[in-house]
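I begin with one convention and then go from the overall fold to single residues.

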Amino acid sequence: MSALIHTQGRLRLRVRVRGTVQGVGFRPFVYRLAQEAELTGWVLNDEHGVLLEVEGGGVAIERFLDGLCTQTPPLAIVEQVSHEPV
């Protein structure tokens, strides 16, 4: 189990997603995934891929991070997901 699940209260992470994640519907996918998990934050494309911040409970964020890799749009290829607390 991840340390995120054991976090009490709200948590905010900055997440970097690298790979084929631009021009494939990845930002709307991230928005939908966050809404389903009742998380808040923002998402944008930049020269390195997709950058986002997400805030909510540890369990919801853990599910969200898992979904970034397992529920991607058909044309997306996620090569790396990294995150750090904000």
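1. A convention is needed before the helix packing can be read: axes are lines fitted to C-alpha atoms, for helices over the stretch in contact, and angles run from 0 to 180 degrees between N-to-C directions. With that in hand, helix α2 (residues 58-70) lies across β1, β3 and β4, and its direction runs at about 155 degrees to β3. Please keep in mind throughout that this is a predicted model.

2. The secondary structure of the chain comes to 2 helices and 4 strands, and from the N terminus on these elements follow one another as β-α-β-β-α-β. The strands form an open sheet in the order β2-β3-β1-β4, with antiparallel pairing. At the edges of this sheet stand β2 (40-46) and β4 (77-85), each of which pairs on one side only. Neighbouring strands are turned against each other by 20 degrees on average, direction ignored.

3. Helix α1 (residues 26-36) also packs on the sheet, where it touches β1 (10-20), β2, β3 and β4. The direction of helix α1 makes about 170 degrees with that of β2.

4. The pairing of β2 with strand β3 (residues 49-57) is antiparallel and extends over 7 bridges, and a hairpin of 2 residues joins β2 to β3. Two of the facing positions can be named: Asp46 stands opposite Gly49 in β3, while Trp42 has Glu53 as its bridge partner in that strand.

5. What polar contacts does the side chain of Glu53 make? One joins it to the side chain of Arg12 at 2.8 Å, and another, of 2.4 Å, joins it to the side chain of Arg14.

6. Thr72 is found in the loop between α2 and β4. Its relative accessibility is 25%, so Thr72 counts as partly exposed, a class that lies between the limits of 20% and 50%. When residues up to four places away in sequence are not counted, Thr72 touches Phe26, Phe29, Gly67 and Val78. Thr72 and Leu33 are 39 residues apart along the chain, and their C-alpha atoms are separated by 9.8 Å.

7. For the chain as a whole, how does the radius of gyration stand against that of a compact globule? A compact globule of 86 residues would have a value near 12 Å, and the chain has 12 Å, so the two agree. The C-alpha trace spans about 35 × 20 × 20 Å along its principal axes.

8. Buried residues make up 37% of the 86 residues in the chain. The accessible surface comes to about 5,100 Å², and carbon and sulfur atoms hold 51% of that area. Among contacts with a separation of 6 or more, 74% are accounted for by residues 24 or more positions apart.

Methods. Residues are numbered from 1 along each chain as its sequence is written. This is a predicted model: local features need pLDDT of at least 70, side-chain atom pairs count only at pLDDT 80 or more; totals for chains, interfaces and linings use all residues. Side-chain values use heavy atoms; hydrogens and water are left out. Two strands pair if DSSP finds at least two bridges between them. Contact means heavy atoms within 4.5 Å. The radius of gyration is taken over C-alpha atoms; the globule rule is 2.2 Å times the number of residues to the power 0.38. Buried means under 20% relative accessible area, exposed over 50%, partly exposed in between (1.4 Å probe, protein chains only). Accessible areas come from the Shrake-Rupley method with a 1.4 Å probe; for residues, only the protein chains shown count as cover. A polar contact is a pair of N or O atoms within 3.5 Å; within protein, one must be able to donate a hydrogen and the other to accept it, and residues adjacent in sequence count only if both atoms are side-chain atoms.
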